[in-house]
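Some notes follow on the model below. Please read them with the structure open.

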Amino acid sequence: MGGLASVLAPIAFVNETVLRLGRAVGVVAIALMVIAILIQVFFRYVLGNALPWPDEAARFCMLWMTGLMAPTAFRRGGFVAIDMLERLLPRIIGQTLNLFLLLIALAVLLVAVNIGWSEVTGFGGKFATAALYLPTSFGFDEWYRIPRSWMMASLLVGIILLISVNIELILRSFITLLGGGHLLPEIPDAAVGAE
């Protein structure tokens, strides 16, 4: 069990560090998304002249926020789950079921990596967004149209982070199944914006 704990420790450390950064970027993405939506509401309903870029900017921020914050929710048990059966079963059988479900989730995530990669590098990733531009000069006289692949990279990054978290949870589940659950450190449950 000491060998498994020594494998788990660096994975847990990397997950905690990377997910902390992801949560910080996710909070910024939420703030930018709200600002873009408020700008669009103001221009559309107060001035009667809708802008072309806020909807796409809000979508861009929403996708990145989801890709960066979903792994934290998964690690902390924040996803919707029906755990009634696991709680009704004897402890060992319930933990075995939990380990089995984590292994199935890992298989699905590994397949999803290919889907995420094809979204970034495939046909759709070769196009640019319709209305999002990035200034390439300080005089704002040159602009670069943001590629759609930058938006879809959120899917690939989120899946890779979910795989890393899933591996940590599998190791935790296996150690718990072997009777070492009391030795595992708790996964911190800090508020998202309080870090």
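1. At what angle do the axes of helix 4 and helix 5 cross, and within what distance do they come? In this predicted model, the two axes cross at roughly 160° and come within 9 Å. Angles over 145 degrees count as roughly antiparallel, so helix 4 is roughly antiparallel to helix 5.

2. The crossing in which helix 4 passes helix 5 is left-handed. Sorted by class, the contact of helix 4 with helix 5 comprises 24 nonpolar, 8 polar and 3 charged residues.

3. Helix 4 itself covers residues 91–121, 31 residues in all. From its first C-alpha to its last, helix 4 reaches 45 Å, close to the 45 Å expected at 1.5 Å a residue.

4. Which residues of helix 4 are buried? They are Gly-94, Gln-95, Leu-99, Leu-102, Leu-106, Leu-109, Ala-112, Gly-116 and Val-120. An α-helix has 3.6 residues a turn, so residues three or four places apart point the same way. The cover over the buried residues of helix 4 includes helix 2 (54–75), helix 3 (84–88) and helix 5 (148–177).

5. A separate point concerns helix 1 (residues 2–46), where Ile-35 lies. Is Ile-35 buried, exposed or partly exposed? With a relative accessible area of 45%, Ile-35 is partly exposed, because that class lies between the 20% limit for buried and the 50% limit for exposed.

6. Ile-35 and Val-25 are separated by 10 residues in sequence. Their C-alpha atoms are 15 Å apart in space.

Technical notes
Residues numbered from 1 in each chain as written. Predicted model: local features only at pLDDT ≥ 70, side-chain atom pairs only at ≥ 80, totals over all residues. Heavy atoms only, no water. Helix = DSSP H or I, 4+ residues; strand = E, 2+ residues; numbered from the N terminus. Expected span 1.5 Å × (residues − 1). Buried < 20%, exposed > 50% of the residue type's maximum accessible area, 1.4 Å probe, protein only. Contact = heavy atoms within 4.5 Å. Axes fitted to C-alpha atoms, helices over the stretch in contact; angles between N-to-C directions. Parallel < 35°, antiparallel > 145°, perpendicular 65-115°, else oblique. Left-handed = near helix turned anticlockwise from the far one by under 90°. Nonpolar A, V, L, I, M, F, W, Y, C, P; charged D, E, K, R; others polar.
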